[in-house]
Amino acid sequence: MIEQVRNESDKPVLLLDAGGLLFERPMIPAPLLEARKIQAAGIIKAMGAMQYAAVGIAAQDLAVGLNFLAQQDDAPALPWLSANLESEAVPKGAIQPFILTRVAELSIAVIGLTDDQINTAPLSGPKDFRIRPWPDVLADTLKNVRGKADMIILLSSYPDEVNRRIAEEFEEISLIIQSGASTGAKALRLFGHALITQVSSRGQYLGRMDIDWNPSSRQWGQAAFRRHKEARGRLDRINWRLGRMEKRLDERERKENRDYLQLLAEKEQAAEEISRLERQVRTEQDQSSSYSGNFIALKVSLPEDPGVRKIVLQTRDAVNSVHKKTLEEAKRTGNVPASGPESAMTGWQACRSCHPEQTLFWQQTRHAGAWQTLEKARQQFNQDCLILSCDPADLRPGNGRQGQPAGRPAPGAQGRGL
Amino acid sequence: MNMNGKNPDTPLSGPGTLLLLVAMLFVLLHPAAVLSNEFILLYSNDNRGETEPCG
C-alpha cells in the first residue's frame, strides 16, 4: 500500500508511526511472553523495511523494557522518538527526542512524547527508564527545533485532552498524531493551530494527508475563520446579556452598574478582534496551508511488499514454533492446557456415538473447518488463534463479541497489521 | 568588412554559436525547477502487536 502511494504520485511521502506499535498492554501473560517478544521483533524489522521516518514510543511499547527496543538493531534501524524518556540502560542516540527530516522543500521536525502514566504501571520487563511529564520537556525541545524547522509534528501517546492542551499552549506545533490511549479513529480536527488525528487500532487503517504547506504563514487554512466564528459567537452572547440588562435598567442605572460597564468593555474588545480576524480571513485563502485527509482501509487483497511479507511469514512461523514448544513442554510435565491441540478435550469424534445428528450438522458448518484453516496458515499452535474466551460477558447477546477468540479481530475486518 | 565592422561573408557557425544553441536548447527542455511544499503524509498508530489475522 505504501509503495502504491509512493508510485502513484510525484509528491514525496513522509511515513510516521505515533506508537503503540508492539504490544497490546504493558503487562503480558507469562506463557505468551516469549512469543510476543518474537512478534514485536518481527514488527520492528518490518517497519524498518517499510522505511518509516520516525516511530513514537507509547507506554505499551515499553512492556518488556526499553533495552528491548534498543537491542533490535537490524539495519535499517527504526528511529524511535521520545523527548521525555530518560534511561541509563540504552546507548546514547538509541532513542532521540526529535528528528529533522527534509520533505519536498521543507524541513520538518518530528517530536515524540510518551505518556508518563507508565512510570507507575506494572510491566512484564525491567523498568529501565523514566518518563518525565510533558510540561518539563516540551518547551525546551521546541526551543531546539525552533528556527530549523518549517513544520513541527508531534507523535504523542498522551490522551486526547492532554494533546488538546498542548495544541492550545504551543502554537508552533502544526500536527499531533495520537497513539496509546484510545482505540478508535479520530478524523483531523483543529485545536489552536494544530490538527489532531489518529487511526483506529490494530493496523486496520493507514492515515493519509495531502499537504500543501506554506512555511511563511505556518497555519492551516480556516484557523482564522474558526477564531472569527468563535469571536462572533462571543459577541452575540454579550449582546444578548446587554439586551437583558437594558430592559431592566434605566440609563442612569446602567452608568453605575459594574457588570453592565464590564460587558460594554468586552463588547468593544470582541468587535476589535472580529475586525482584525476579518482581515486575516481575507488573506488566509492566499497564504495559509491546505490539506485533505482520509483513512485508507488495509484489506488483505492489497498487494504486499515481498520483503515485508517475508519478514511477516518468518515471524509467524517463529511464533507458531514457540507455542508448539510450550505445548510439548506442558504435555511432558502433565500441565495440559484447557484448549488447543494438546488439550484434554476428547475431540468431536467422541461426540458422534451419542449425538450423530448434531455431529452431522456441526460438520457442515464453517466452524468444523476452523482447525484446517489454522493448519493451512501454519498458525495451529499459536495460542492467540486458539484461545476462546470463556468470559460470560463475551457470550452475552448484543455485545458483538460472541464466540470470538479473545483479543482477535472480528471476521470481515481482517487484513490489518503489517 | 562593411560599415558595422562585420564581415558579411562569415558564416553563422563556429564554437560560440554552437554553444549558444546548446544553451538555448537546454533552457527550453529543462523548465526552471518549481519550489514545491506539497507532500503526502502517511501515518499509523496503535498496531498493538498485530502482524496478520489467524487464517
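Which elements make a right-handed β-α-β unit with S1(A)?

Guide: Strand S1(A) makes this right-handed unit together with helix H2 (residues 33-49) of chain A and S2(A). Right-handed is used in this sense: with the strands pointing away from the viewer, the path from the first strand over the helix to the second runs clockwise. Helices (H or I, at least four residues) and strands (E, at least two) are DSSP runs, numbered from the N terminus. The model is predicted: local features need pLDDT of at least 70, side-chain atom pairs count only at pLDDT 80 or more, and totals for chains, interfaces and linings use all residues. Residues are numbered from 1 along each chain as its sequence is written, chains are lettered from A and ligands numbered from 1 in the order in which they are written, and side-chain values use heavy atoms, with hydrogens and water left out.

S1(A) pairs with strand S2 (residues 54-56) of chain A in the parallel sense, over 2 bridges; two strands count as paired if DSSP finds at least two bridges between them. Here Asp17(A) stands opposite Val55(A). S1(A) also pairs with a strand of chain B, S1 (residues 38-44), in the parallel sense over 5 bridges. In that pairing, Val13(A) has Ile40(B) as its bridge partner.
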